[in-house]
Amino acid sequence: MYRLYAAISIIIGMYLDSVLFAKVNIAGVVPDCVLVVIVCMGIQLGATEAAAVGCAAGLVIDILFGKAGVGINAIAYMVAGSVGGIFYKKYFADNMIIPVLTVGVCAFLKENLMAILTRMVGGRFSYFGMLITYMVPSALMSAALCIPVHALLKPRLMLSAKKRYDRSAGGIK
């Protein structure tokens with residue numbers, strides 16, 4: 001059942017990224033909804049599931065919207081899911097600090113990766129100007145978006161993960 005929640009969450013995140021936030025943004029800065037969902041999944045489900053979902057979501061985004069080549073977003077989202085999975089079962093589930101900080105750091109690193117790849121393919125821009133005007137605000141907006149997303153995903157993913165854990169451990173069925 002968690003796979004259904006994961007797919008629906010990713011589709012909603014893609015919709016928000018490509019339609020809603022493309023029109024409603026603050027000075028051209030938008031949060032990365034798909035990254036937020038993937039990191040929250042990593043924290044709730046573990047690194048393996050989140051990395052797989054992140055890779056699949058990144059490939060779909062690269063195929064549908066990518067301009068720099070297939071696989072760039074897949075790698076970034078897969079790494080974000082793995083980083084989120086580092087905290088799987090290692091902190092109190094109601095703590096919002098870990099997911100918010102993890103999303104902020106992952107968003108910042110993803111934007112730096114995209115800047116490096118843009119520079120490698122011949123793009124010209126001021127790194128420090130981009131850092132101040134886009135990278136840091138986007139990471140902060142993604143971290144702020146993590147609060148409601150984590151609160152919405154947590155009950156469903158925790159319930160699904162608990163059932164899956166109970167079945168694999170031979171516990172109550």
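How many aromatic pairs does the structure hold? The structure holds one, where rings of Phe, Tyr and Trp (its six-membered ring) pair if their centres lie within 6.5 Å.

The model is predicted, so local features need pLDDT of at least 70 and side-chain atom pairs count only at pLDDT 80 or more, while totals for chains, interfaces and linings use all residues. Residues are numbered from 1 along each chain as its sequence is written, and side-chain values use heavy atoms, with hydrogens and water left out.

Select Tyr-127 and Phe-128 to see the pair: edge-to-face, 5.4 Å centre to centre, with 80 degrees between the planes. Planes under 30 degrees apart count as stacked, over 60 as edge-to-face and the rest as tilted. Tyr-127 is partly exposed at 32% relative accessible area, whereas Phe-128 is exposed at 61%. Buried means under 20%, exposed over 50% and partly exposed in between (1.4 Å probe, protein chains only).

Next, select the core. Its definition is a set of buried Ala, Val, Leu, Ile, Met, Phe, Trp, Tyr and Cys residues joined through side-chain atoms within 4.5 Å. The largest nonpolar core has 33 residues, and Ile-10, Val-34, Leu-35, Val-36, Val-39, Met-41 and Val-149 touch the most other members. Helix 2 gives the most to this core, with eleven residues. Helices (H or I, at least four residues) and strands (E, at least two) are DSSP runs, numbered from the N terminus.

Finish at Ile-63, in helix 3 (residues 47-65). Ile-63 counts as exposed, at 61% relative accessibility.
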